[in-house]
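I wrote down what I found, one entry at a time.

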Amino acid sequence: MASTLLYEDLAGRLGAQIRRGLLRPGERLPSLRRLGRQERVSIATAVEAYLRLEREGLVEARERSGYFVRAAALQPPQARLPRLQARAPQALRNPALLDVLDVLSREDLLPLHVTTPAAELLPVRAIAAAASHVLRRDPGLALAYGAPQGLPALRECIARRYLHCGVEVDPGEVVITAGAMEAITLALRSVTRAGDVVLIETPTYYGILQAIAALGLRAIEVPNRVGAGIDAAAVRAVLARHRVAAAVLVPNFNNPSGSLTGEDDKRAIVAACGEHGVTVIEDDLYGELAYTGERPPPLRRYAGSTSVITCSSYSKTLAPGLRIGWALAGAHTDAIVRAKCFSSVATASLPQRAIAEYLARHDFDRALRRLRRELAANSQRWRDAVRRHWPADTRVSEPAGGMTLWLELGGGVKGQALLEAGAARGIGCLPGHLFSLRGDYRGHVRLGLGLAWTSRVEDGLRVLGRLADTLARRGAHKRTRP
């Protein structure tokens with residue numbers, strides 16, 4: 001009885017501190033040993049106190065990181081997709097995609113609109129040392145042309161890595177590319193022809209939409225549900241009604257919503273595509289960035305006889321600027337290698353060798369753990385800033401991994417208006433209409449989580465929230481004006 005009273009008393013006092021704001025969302029709580037010493041209780045009592053707070057939704061446990069104060073509950077964006085199932089395959093009808101490069105190229109903005117991890121979160125010194133070592137050891141080889149398929153040593157590293165998530169990969173099917181987007185584009189070129197129909201999810205990454213448009217393809221959308229991922233039933237329904245050549249899907253931490261598709265849905269999607277002879281092109285760029293540390297399996301794991309081309313890169317985990325990506329091409333290896341040779345000859349040798357050198361000499365998993373911890377903390381920090389500084393009717397996703405936060409604005413505010421108001425104040429965000437075929441999600445914005453947390457970032461989120469509030473008030477005034 002005494003032990004029960006001790007942990008209840010301790011949990012009650014900590015809970016009161018959290019509710020009063022003395023312990024802020026995202027703040028790390030003392031370790032079990034430290035809490036025990038501070039409160040003069042046993043570790044068992046400390047464990048019970050934290051477990052009680054976790055059940056109450058006040059704290060959360062993070063693998064190998066400890067316990068953290070959880071942000072107050074926020075409503076997720078609603079999946080408003082009117083008449084989506086009635087849509088027919090169509091060419092891209094979103095002129096705003098032509099202007100996105102203007103925003104991305106601006107260097108005067110606080111980059112809350114990008115999904116590139118900050119240098120502080122990456123092993124930049126180790127990567128630089130690896131590149132220097134490669135150049136010193138054999139500069140001629142490091143600066144020479146390489147084979148179109150890529151460096152064998154790097155392809156072997158990539159193949160071995162997939163064993164961690166239960167996927168056997170032959171290094172002979174790995175094709176090294178200039179980032180994940182080149183891998184996706186080469187895969188599309190290899191399995192489709194102009195005019196073919198491609199199945200995509202909505203919302204989805206604008207780069208996928210741009211690639212589809214550039215290749216003269218048509219697309220049809222299925223919902224990616226916030227917090228639940230790709231709708232497998234919708235995939236099956238679309239494939240039953242339309243002749244589809246390929247599906248380009250982002251099942252692991254979709255950009256922009258951050259949603260993770262469950263394993264049962266993954267199996268069902270792959271099975272449906274196999275039944276209809278549809279090649280799946282999987283964007284697995286964020287698969288390594290699960291906040292829990294438990295890497296979700298790619299669609300490739302459930303492929304069986306279905307043709308699945310898995311595309312990814314080191315751009316979000318090691319070195320964005322080196323532009324090293326890959327495709328697990330399977331039966332399409334020869335076609336993708338030819339397409340690579342005809343488009344860019346080969347991926348640059350020095351970046352390939354630098355990455356391979358890093359992987360041979362350093363602990364990639366250790367770097368990943370640190371990056372995941374920071375992204376998980378950022379997700380809570382960003383959400384807490386929205387809770388405190390944005391209008392109360394703002395809805396926010398709660399991703400379990402990846403680098404994006406998806407917001408539904410209240411008060412009739414449009415994402416484009418917030419982009420323009422924020423840019424005028426030196427702060428970036430991306431409007432939601434960039435992430436769909438027809439420019440849906442006009443009342444949404446996407447924020448990136450890759451910056452190191454600083455007072456400047458916190459101020460930027462505060463200013464964006466106030467701008468959203470100002471825009472909502474102006475809209476309300478116009479609607480009520482006689």
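**Pockets and a helix pair**

I began with the second largest pocket, which has a volume of about 340 Å³, and I kept in mind that the model is a predicted one. I then looked up its lining and found 22 residues, of which Cys157, Arg161, Tyr314, Leu359 and Phe364 lie nearest the centre of the pocket.

Next I asked myself which helix gives the largest share of the lining of this second largest pocket. I found that H7 does, with four residues, while H7 (152-161), strand E9 (308-313), helix H13 (349-361) and helix H14 (364-389) each supply at least two. Sorted by class, this lining has 10 nonpolar, six polar and six charged residues.

I turned to the largest pocket, which holds about 400 Å³ of space. Its lining is made of 19 residues, and those closest to its centre are Thr115, Tyr205, Leu285, Lys316 and Arg323. Here I noted that helix H8 (residues 180-191) provides the largest share of the lining, three residues, and that the lining comprises 10 nonpolar, five polar and four charged residues.

My last entry concerns helix H2 (residues 32-39) and helix H3 (residues 43-55), whose axes come within 8 Å and cross at roughly 110°. Angles of 65 to 115 degrees count as roughly perpendicular, and H2 and H3 are therefore roughly perpendicular to each other. Looking at the residues, I saw that Leu32, Arg33 and Leu35 in H2 meet Ile43, Ala46, Val47 and Tyr50 in H3. The residues of this contact are six nonpolar and one charged, with no polar ones.

Key: Residues numbered from 1 in each chain as written. Predicted model: local features only at pLDDT ≥ 70, side-chain atom pairs only at ≥ 80, totals over all residues. Heavy atoms only, no water. 1 Å grid on protein atoms, 1.4 Å probe; cavity = no way out; pocket = protein on both sides within 12 Å on 5 of 7 lines; lining within 4 Å. Points joined across faces, edges and corners; volume = space filled by probe spheres on them. Nonpolar A, V, L, I, M, F, W, Y, C, P; charged D, E, K, R; others polar. Axes fitted to C-alpha atoms, helices over the stretch in contact; angles between N-to-C directions. Parallel < 35°, antiparallel > 145°, perpendicular 65-115°, else oblique. Contact = heavy atoms within 4.5 Å.
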